[in-house]
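Welcome, and please open your viewer beside this page. We will go from stop to stop, with something to select at each one.

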Amino acid sequence: MDPARLVHHAHHAGDVPAVLRWAPVAARRAAALGAYRQAAAHYATALPLTEDHPPAERAELLEEYSSATYHGGLSGAAIDARRRALALRERLGDPLGIGTDLRWVSRLLWWNGRPDEARAAAWRAVRVLESVPPGRELAAAYSNLSQLFMLAGELPEAISWGRRALELALLVGDRDTELHAMVNIGSARFHGGDRAGIAELERAHEQAAAAGLDDHAGRALVNLGTIAVDAGDFGTADATFARMVPFLAARDLDGYMRHVLGHRARLELFRGDWQAALDDAEQGLTGPPVPGPSLVPAIAVRLTVRARLGETGLIDEARDAAERAYRGGEIQFVGPAAILLTELYWLAGDDERAAAEARRGMVVAERPGAGGQPWFLGELAFWLWRCGGLTVPPPGVAEPYRLAIAGEWQRAAAWWRARGCPYPEAEALSGGDPAAALRIYDRLGAVPAARRLRARMRDQGCRCRAGRARPPRPTRPG
């Protein structure tokens with residue numbers, strides 16, 4: 001008989017021994033099939049009944065429950081369970097268990113927007129595990145450090161610790177950590193502009209999928225797609241999202257899915273498909289609250305589209321997203337939030353506040369260890385230039401923004417046009433061919449941008465030959 005049905009009947013009959021026997025069986029089967037939320041529900045049924053069980057047994061159930069909730073997108077429950085397991089392992093004096101749980105606490109702290117605490121837990125895990133003979137637990141701890149460095153844009157450190165993890169994993173035959181480290185190394189290389197990282201991520205995905213290691217397989221695609229958007233590599237992003245979203249959905253990897261939809265929405269925003277961008281952003285924001293910054297890209301897209309279509313009163317929500325992003329400290333989140341606030345102030349006609357937000361974001365983008373992110377730096381520099389706070393492009397900004405700031409608006413517009421990105425094309429055209437820019441704004445229904453451009457043309461004595469902007473398209477309420 002199906003273990004899940006046995007758990008159901010035992011639970012409603014109050015048969016505690018049967019629940020304790022079958023709930024872990026049903027949970028492990030569900031997790032093996034990728035039904036992580038179902039697995040978490042089975043563990044949640046059993047755990048309250050284990051208060052008087054041996055600490056090692058209870059710790060193991062808490063760890064399995066934490067893993068299921070993490071994969072199912074319930075990060076708050078995951079970190080609470082893992083900390084309870086850690087306390088039990090510490091009571092038992094089990095260094096391998098302590099190190100493993102510290103590594104997981106580190107990962108979950110990062111998801112909850114606490115990178116400094118995450119790194120402290122990661123280093124503690126390494127110290128604990130280096131005090132005993134090296135094994136797969138230490139390899140995993142090294143790889144976790146590699147991942148944290150990669151996420152923070154500290155790319156040489158990410159690759160160095162990733163290689164260290166990979167060597168130990170190969171030595172002890174730990175396929176799980178081997179693939180985790182491969183994803184970190186490939187991600188760091190691609191993030192640093194080395195396109196060899198793309199092939200490494202593809203290879204890691206294929207090998208992890210073949211081994212049934214869904215988390216690594218999914219993370220390889222997630223990193224490939226999101227880094228591609230951040231790098232302006234829209235072709236790679238398109239192809240990756242087309243494979244990634246069905247893969248994540250089929251395996252119930254909701255935590256990754258909600259994060260990814262915000263990045264796909266950013267791609268659709270660039271491409272001018274604002275309804276699709278709104279749909280993805282709204283879907284990513286639907287579900288249990290997430291305390292960390294992983295949903296900031298979705299929030300940024302939702303508010304950006306609504307502002308471009310003429311909605312006002314969005315500043316407070318944008319500030320909340322920015323606070324969450326800056327607390328996380330990583331440019332992948334700070335970038336979208338800073339650009340959002342800058343654009344909202346600019347659309348409202350407050351160039352001084354817009355320039356201040358652009359400068360604030362550029363501090364993070366230019367910070368040593370930010371990974372040399374030319375796209376976020378470029379867009380923020382472009383906004384600062386539009387607000388009169390910059391005259392020459394800073395070193396290292398992405399090509400279309402460098403061209404626009406340097407006054408080569410025709411080449412900048414052509415760059416965006418070749419990639420099917422109408423709104424950035426109009427922004428570039430506004431520097432030299434405002435009538436062409438207005439035609440694009442009007443087609444998109446970008447009322448505030450068109451209004452600002454028309455006002456500038458009147459101030460300069462130009463005639464506005466383009467038609468008036470259309471009313472905003474209907475959008476889903478906030």
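In which helix does Asn 184 lie? Select Asn 184 and you will find yourself in helix α10, which covers residues 175–191. Keep in mind throughout the tour that this is a predicted model.

**Stop one: Asn 184 and its surroundings**

Asn 184 is buried, since its relative accessibility is 0% and buried means under 20%. Now show its contacts, skipping neighbours within four places in sequence: Asn 184 then meets Ser 143, Ser 146, Gln 147, Met 150 and Arg 219.

**Stop two: α10 beside α12**

To see the contact from the α10 side, pick Asp 176, Leu 179, His 180, Val 183, Asn 184, Ser 187, Phe 190 and His 191.

**Stop three: α14 and α15**

Please move on to helix α14 (residues 254–271) and helix α15 (residues 274–284). Their axes come within 8 Å and cross at roughly 165 degrees, which makes α14 roughly antiparallel to α15. The crossing of this pair is left-handed. On α14, select Arg 258, Leu 261, Arg 264, Ala 265, Glu 268 and Leu 269; on α15, the partners are Trp 274, Ala 276, Ala 277, Asp 280, Ala 281, Gln 283 and Gly 284. Here the contact of α14 with α15 has seven nonpolar, two polar and four charged residues.

**Stop four: Arg 319**

Now centre on Arg 319, in helix α17 (residues 315–328). Is this residue buried or partly exposed? Arg 319 counts as partly exposed, at 37% relative accessibility. Leaving out residues up to four places away in sequence, Arg 319 touches Leu 341, Tyr 345 and Arg 353. For a distance label, pick the C-alpha atoms of Arg 319 and Ala 450: they are 131 residues apart along the chain and separated by 25 Å.

**Last stop: two cysteines**

Finish by selecting Cys 387, which is buried with a relative accessible area of 16%, and then Cys 421, also buried, with a value of 0%. How many disulfides does the model contain? With a cut-off of 2.5 Å between cysteine sulfur atoms, the count is zero.

Note on methods
Residues numbered from 1 in each chain as written. Predicted model: local features only at pLDDT ≥ 70, side-chain atom pairs only at ≥ 80, totals over all residues. Heavy atoms only, no water. Axes fitted to C-alpha atoms, helices over the stretch in contact; angles between N-to-C directions. Helix = DSSP H or I, 4+ residues; strand = E, 2+ residues; numbered from the N terminus. Parallel < 35°, antiparallel > 145°, perpendicular 65-115°, else oblique. Left-handed = near helix turned anticlockwise from the far one by under 90°. Contact = heavy atoms within 4.5 Å. Nonpolar A, V, L, I, M, F, W, Y, C, P; charged D, E, K, R; others polar. Buried < 20%, exposed > 50% of the residue type's maximum accessible area, 1.4 Å probe, protein only.
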